[in-house]
Every structure is written in C-alpha cells, then in structure tokens.
Amino acid sequence: MLRKLRPALVLLALLTLVTGLAYPIALTGLAQALFPTQANGSQVEVQGKVVGSALIGQNFTAAKYVHGRPSATTDTDPKDPTKTVPAPYNAMNSAGSNLGPTSQALSDRVKADIATLQAENPGVPIPADLVTTSASGLDPDISPEAAYFQAPRIARERQLPIATISSLIDQQTKPRLFGLLGEPHVNVLALNIALDAQR
Amino acid sequence: MTTIGWIQIALFSAILIAITRPFGAGLATLYRDGSAPFSAVERGTYRLLGVKPSDEQSWTRYAIAMITFKIACFVALYAVQRLQTVLPLNPDGQGPISPDLAYDTAISFLTNTNWQSYGGEGTMSYLVQMAGLAVQNFASAAAGIAMAVAVIRGFSRRSSKTIGNFWVDMVRITLYVLIPISIVLTLVFIWQGMPQTFAGHLELTTLEGAKQSIAIGPVASQEAIKMLGTNGGGFFNANSAHPFENPTALTNFIQMLAIFSIGAALTNLFGRLVGDERQGWAIFAAMFLLFVAGVAVVYWSESHANPILAALGMDPSMGNMEGKEIRFGISASALFATVTTDASCGAVNAMMDSFLPLGGLVPLINMMLGEIIFGGVGSGLYGFLLFAIVAVFVAGLMVGRTPEYLGKKLEAREIKMTMLAILCLPLAILGFTAVAVVLPGPLAALQAAGPHGFSEALYAYTSATANNGSAFAGLSANTPFWNTTLGIAMMIGRFFVVIPALAVAGALAAKKTLPVSAGTFPTSGPLFVGLSIGVILIVGGLTFFPALALGPIVEHFAMLAGTLL
C-alpha cells in the first residue's frame, strides 16, 4: 500500500517545497533586489510621505481634485458584521458591481451620477467611464475625455486658466503601449499631484 | 469597434500562430517515445519517487496513478486551508476557513477549475496562496498536460499495451516547461508593477488625508503559473482586473498569450507524435476559427453602450464600460474574455456579469462546448480529440464505412466512451442549474432577478463543470449548497471526461494502424476542419440552446426594449 502511495506523496511534497516555497521565496528575493519599487506596491511619495500607490485608485471627492471612476467596493458594516456597506476604493476587498445590463440598481445609480455631472458641466456629453464602475473598483485611471470633462471645475476651484489644466492633462495622458496595446489613459493620482504642484 | 482594437486582436493571433510550432517542437523533444531522462535533477526526482522511468503503465494504471495523486492533493490542500490560522505567513491575520469552502476550493484547484467562492485578499493567507493554491496550479496543469500526452500516445502507438508513465509525464512538464517559463513571466510581471513581497498590507494617508489600506503580497509568482497553467484563480478578488494583478496593457497581452500558448503547442505536439504535423494544424485551424468567431461577437457586442444607460444621457461612444478597466478598454477586455473561456482559464480582466447579454453569451457557449478551443492545458486537446472522434464517426456513417482516425479503427467501445465523456457536461450543467433555480435557499444567492439571475446560476455550473472558474460574480456562492454542488460539478467535469478519454487512448493504442487507402477520410484538410466545427456546434449548441434562450437571449431582447428587472 505505502509503496503504491509513495510516488504520489513524494511528488506532492516535492512540488510543495519547490513550487510552493522555493519558487516564490527566491523570486521575492530577486524582486526585492531588482525591482524594489514595483515589488512593494509602486508607492508614490510627496515630500517624503507616501500618499498612495501609482496602481491603486483613491476615492477623490474634493472639488479641487480630479475624480476617479465610481467604485463598487464594499466593506463590512461596523454595526452588523453579516452586512456590507459601500466603501469606494477599498483596496482590501477589490470588486466590481457585477450588475447586469438590465439591472434597476445600475440604471438608478447611473441616472443619479449623470444628474450630478450635468449640473457641473451642462451641455457636455458625459464620458461613460465617469458613470460606470470599474471591474476592480480600484481603477487608477480615467480616460482623457473624463479628465477634460472635469477641467472647468478644477480651473474654477483652483483659480487657474483652463488651458493650464488641459495642458497638464495632456502631459499626464499615457498613450497606448507602442501606439498599439491598451487604451490612452490618465492616472488620477499623478494628475492630482501635478495639480497640487502648480501653486 | 476601432481599427486599433482589431489590430490588437490580429497581433495576438499572429504571435500565437508564430509560437505554436517552436513550442510544439520543444514538447515533442520531451515526449518522444523512448527518450531517457534529460538531466541529473530529473533522474534524482525519479529516485525519490521510487519510479523507474522505463516502467510504462496501461491506461488503467495510468488513471489510478493520476487519481491517487489527486486524492493526496485534496487532503493536503483541505488541511492547509483548515489550519490557516495556526500556520505561519499570515501577516494580515486571515480568519478560519469553513469546511464547505475548504472542500470547494480544494476540488476547484486540483481540477484546474479555480472557481473561487471567496475573495482572495480577504480570505487566504500568503502561505495558503503559495504552498496550497499555487502548488495545485502547477500540479493540475502538469496533470492535464500528462493526460493529453497519454491520449496522444493512443493514436501514435500501435499494438501497445501501455500509454506512458504518469509520473514521468508529470515531472518532465513541470521541470522543463512550467517552472522555467513561470520564472521568466514572474520577473516580467514584477518589472511591469506586480507586487512580490511577504509584508502585510500597506497603510497610508491619501492626498485628501483619508486612510487607505492596500492588500499586497507575493502576487507575481502566483500570477505567472495561474496564466500558463490555465488555472485562473486570482490572488485578489477582482482577479486580473485588479491593477496589482494586471498592471499594464503589456502584462494583459502576455497573460492572454500565456493562457493559449500550451494549448496551441499541444496541437503541434499531436501532429509531430502521430508523424504528420498537418494533423495538428487541422486541429489548430478548427480551434482558431471558433476563437475568431467568438472574439468578433464579444468585441462587437461590448463596443456598444448599454442602450438603457445611453438613453439616460451617457455618451455611448466608449462602449459598455461597466465592469471594465480603462487601461484595457473594450478590445483587450473582449479578447481576454474570449481567451479565458476558450481555454479553461477563468481569469478575468473585466466583470462578465456586467457584459451586455450577447457579450456574456459567448463566454457561456465557449465553456459549454467543453473548452476545446485551445482549451485548458491538456484538457483542451483531449476534449477536442473526443469531438474529432465523433466527427470521423459521423463521416463514416455517411459513407457507410468503418470510421478510421489516423489509421485507428473506431469501434463501439471507443464511441461509447467518447459519448460518455461528452454527455457528462450537459448532465451536470443543466441538471444542477435546474435544481438550483427551483430551490428558495440557493435562489437567494443570486444578485439579479429574472433572466439575468438565471444566467448567473447557469454560468456558475457551466464554469464549474467545464473547469473554467470564471463567474457571473453577482452570485454569492460561498454557501454550503453552492459550495457542495459546485464541487461535485467540478469533479464530474474533470474525471468523467478524462477517465473515458484515457480508456479510449488505451483501446486505440492496442490497435494496429491501418495503411491509408483511397477510401480513408483525410483528417488534415478543410473538410475535417469544417466537419469538426459542425459536430462541436451541433452537439454543444443544440444541447444548451433552450437554457441559453431562457437566460442571455431573453435578456438581450429585454434590454433592447428598455425593460429593467
């Protein structure tokens, strides 16, 4: 019996040692030596203080900052641990809304967001990414259109010419990789840091 | 749809075609009959296992070896999860894991499904992720490839009682393919921004002065094998949509190639081992055409905005962005969704639950066809070969001749075994869905009502049975009913396909190979490609059409009519 089980047990033990421990540990060591910034979460510092991760979106709400996309992440309700409460950009619990296309909840949410945005910038088409939640709830980026849409509000709040805001957006827009892969996007945190640096 | 979007899809296809032949050649070196161990490490491994590499197994011994190994994996993975709270490397203090969740997750990872009823960053410690789950990513991928190689030997050998040695097949693919490629992928992923650390979550103060906690961990090393082995189980809940799990358009592109690479290379290995590469290219062509058709439909569907939202005043030009990430956009999300369900990967970079109905229909159909479009590593090829057997059988019936595939006469036993494997899929998918949607308890787990809710349940059992692992994630599956039934569906979908496939291989290997004659149905030409696609679509399509009509198809018309549910 044990002779029959030996290859199975030994192979599993070897795989656990090699692929389960040696492989991730060795690569962690290599990563910390070769790419320490990325390996530790691409932390962004302003004046020596960590203010976020370049890859993880933040829940910007102040009018002087460019806002990211709506986020569907949740957190445990502090009053009742069996329930959850909305907690946008909760990077301990990534999630999309998972609302289907005919969902009443989706329609209600988008309707409310559109009303807010129309009041802010009347007559301008509402970019889709400003009223749709991302897949992770942590999307660090918005489309250039969504950034330009917010430029008038930022200009007003910061008392800067709108051309300054637009040129900052242009500078912060990352093109497709090799002009080919992905979509042009603007990192919201980077753009807001650049805005703060204007004064 | 944009030109640049199509160019991304075309570029992906071109690179896939380009790597298939060299990768297939490499695999052929490993798996040619009679090749001795290639290195001292390999020889040493056999000595530790107590295995003689020349000791070949019959199909029954091969299957028993595989099952023994899987049982050992189940026990180990169940135990490491249940003991999470007392084991080390748990810096974020993850709590205990319930018995039904641990069982479901263990089955899920050892069957290469990687269905996740839990959210990764809030449930599993680093140790469980690495030494539990990622080990199964390697092991279940290796086992899948080993099975495919054994099935290929059924065709390539003549008058042979044996179909190889399971342990040798496992060791070779792990040692020479999975580990080296994973190391390279890991480094590229880290360079692009994926974390790789044992430190606990980050705590920081944002630009606005709010506190933000960010889950982190040894992500990249797990991500590499998750893609290469078509496992798909995410380190984070949002899977490859999470910016740490898929930071850039480049990592996204590489992840998709990694998913298809081994499945495509195995078609070439098949051709080489049966002595005619064109036989492999015919299979590649059938898979490729089904892939292109799928991605075209998803891309077309998702590049339209949801008409209900457009009517509210949203600019429709970006397409359906609910549940998608900006850095990927529509094209790369549509391509990813197609690739991950053609293969049995199940990783996602966009939330399928929020796709438009026809965009979500294609992933469902891809899985219902048995994931034979390149497919899971190994399982895609042997799954396709089962359909090819039916195709050749149908062709034989049409001309009244005993069907032959690669000189092997297909007789009653092989056809029965093939049908058994093919029928278990609809049985588990439709049977379990039917039960779940009439019981009030399980129904409460669905997020949506009406046809979309039905799609959530149908998708769950399809994904589990087909060993995919992706989800219409509105379903809250972490309940005893869903965990238990999904676990059973995963086992049916894995073992009730692979064991009959090995039986077919055993029967075929024992046969003589007949010489090609004027009456032989050529299995390397367009006629075979067309016939295979026809059989795949008719068997898959007709079986599932009524269920699809109740879910995504009804919802499509409801959406066009502006009906909210």
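User: Before we start, what are the conventions here?

Analyst: This is a predicted model, in which local features need pLDDT of at least 70 and side-chain atom pairs count only at pLDDT 80 or more, while totals for chains, interfaces and linings use all residues. Residues are numbered from 1 along each chain as its sequence is written, chains are lettered from A and ligands numbered from 1 in the order in which they are written, and side-chain values use heavy atoms, with hydrogens and water left out.

User: How many residues of chain A are in contact with chain B?

Analyst: 98 residues of chain A are in contact with 103 residues of chain B, contact meaning heavy atoms within 4.5 Å.

User: And what area is buried between them?

Analyst: About 7,800 Å² is buried between chain A and chain B, and carbon and sulfur atoms give 68% of that area. Buried area is the accessible area (1.4 Å probe) that two parts lose on being put together, summed over both.

User: How many salt bridges are there between the chains?

Analyst: Two salt bridges are counted between chain A and chain B, each defined by a side-chain nitrogen of Lys or Arg within 4 Å of a carboxyl oxygen of Asp or Glu. R327(B) forms a salt bridge with D139(A), with the closest N and O atoms 4.0 Å apart.

User: Which element gives the most to the chain A side?

Analyst: α1(A) gives the most to the side of chain A that touches chain B, with 24 residues. Helices (H or I, at least four residues) and strands (E, at least two) are DSSP runs, numbered from the N terminus.

User: How many salt bridges are there over all chains?

Analyst: The whole structure holds 23 salt bridges over all chains. One pairs the side chains of R21(B) and E277(B), at 2.8 Å from N to O. R21(B) lies in helix α1 (residues 3-31) of chain B and E277(B) in helix α10 (residues 277-302) of chain B, so the pair ties together parts that are 256 residues apart in sequence.

User: Switching topic: which residues of α14(B) and α18(B) meet?

Analyst: S379(B), Y382(B), L386(B) and I389(B) in α14(B) meet R494(B), V497(B), V498(B), A501(B) and V504(B) in α18(B).
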